[in-house]
Amino acid sequence: MSVGVLLMTHESMGAALVSAARHVLGRLPLPIEVQEVAANADPDQMLRAAAANARDLDHGDGVLVLSDLYGATPCNIAQRLPDLGVRMHCVSGLNLPMLLRVLNYPEQSLDELAQTAASGGRGGIVVDNP
C-alpha cells in the first residue's frame with residue numbers, strides 16, 4: 001500500500017505540475033489526482049468532489065493533499081476533508097520541488113510524507129548570490 005496524493009490548486013497549476021513531474025521522473029510511483037478549483041467554483045461542490053477523489057486515492061495509508069496557497073479556496077476546501085472522514089494531511093505552498101520530493105519517497109507513511117513535502121518545498125527555494 002501507499003499514500004495517495006491529491007493536488008488541490010487553482011486552475012491549470014496542478015495539471016502543469018504533474019506534467020512536469022512526469023517529464024522529470026517518467027513513471028509516478030504514487031497514485032496522484034488533481035483537483036483544480038475555478039474562480040467561480042462552488043466550494044461545497046468542490047468539497048464533495050475532493051472527498052470522492054481522496055476516497056479513491058486512499059488504499060489504507062491515507063492521503064497527502066498538496067495545495068498551492070495557504071488560506072485560499074483550494075486549501076480551505078482541503079482542510080474540511082477530515083470532517084468527511086478523510087484521513088489526510090494538507091501541506092500548502094505547493095511547488096515542483098515539493099512534489100518531486102514526495103514522489104521520490106513512496107515508501108513513507110502519511111506523517112513522514114507530510115514532513116518530506118514541507119522540507120522539499122522549502123529546500124527547493126534558493127536565492128543565488130550575484
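This is a predicted model: local features need pLDDT of at least 70, side-chain atom pairs count only at pLDDT 80 or more; totals for chains, interfaces and linings use all residues.
I number residues from 1 along each chain as its sequence is written, and side-chain values use heavy atoms, with hydrogens and water left out.

**Entry 1: α4 and α5.** I looked up how helix α4 (residues 96–103) and helix α5 (residues 110–123) pack: their axes come within 7 Å and cross at roughly 145°. Helices (H or I, at least four residues) and strands (E, at least two) are DSSP runs, numbered from the N terminus. Axes are lines fitted to C-alpha atoms, for helices over the stretch in contact, and angles between N-to-C directions run from 0 to 180 degrees. From α4, I find Pro-97, Met-98, Arg-101 and Val-102 in contact (heavy atoms within 4.5 Å) with Leu-113, Thr-116, Ala-117, Ser-119, Gly-120 and Gly-121 of α5. By class, I have five nonpolar, four polar and one charged residues there; Ala, Val, Leu, Ile, Met, Phe, Trp, Tyr, Cys and Pro count as nonpolar, Asp, Glu, Lys and Arg as charged, and the others, Gly among them, as polar.

**Entry 2: Ser-67.** I placed Ser-67 in strand β3 (residues 63–67). Ser-67 has a relative accessible area of 0% and is buried (under 20%; exposed is over 50%, partly exposed in between, with a 1.4 Å probe and protein chains only). Leaving out residues up to four places away in sequence, I list Met-8, Cys-75, Cys-90, Val-91, Ser-92, Gly-93 and Leu-94 as touching Ser-67.

**Entry 3: cores.** A nonpolar core is a set of buried Ala, Val, Leu, Ile, Met, Phe, Trp, Tyr and Cys residues joined through side-chain atoms within 4.5 Å. The largest has 23 residues, and Leu-7, Leu-64, Leu-66, Val-91, Leu-99 and Val-102 touch the most other members. I see two or more residues given to this core by each of β1 (4–10), α1 (13–25), β3, α4 and α5. Leu-66 has contacts that include Val-5, Met-98, Val-102 and Ala-117. Apart from this core I noted another, of 16 residues, with Met-8, Met-46, Ile-77 and Leu-81 among them.

**Entry 4: cysteines.** I counted zero disulfides, taking a pair of cysteine sulfur atoms within 2.5 Å as the rule. The closest cysteine sulfur to that of Cys-75 is in Cys-90, at 4.3 Å, so the pair is too far for a bond. Cys-75 is buried at 0% relative accessible area, whereas Cys-90 is partly exposed at 26%.
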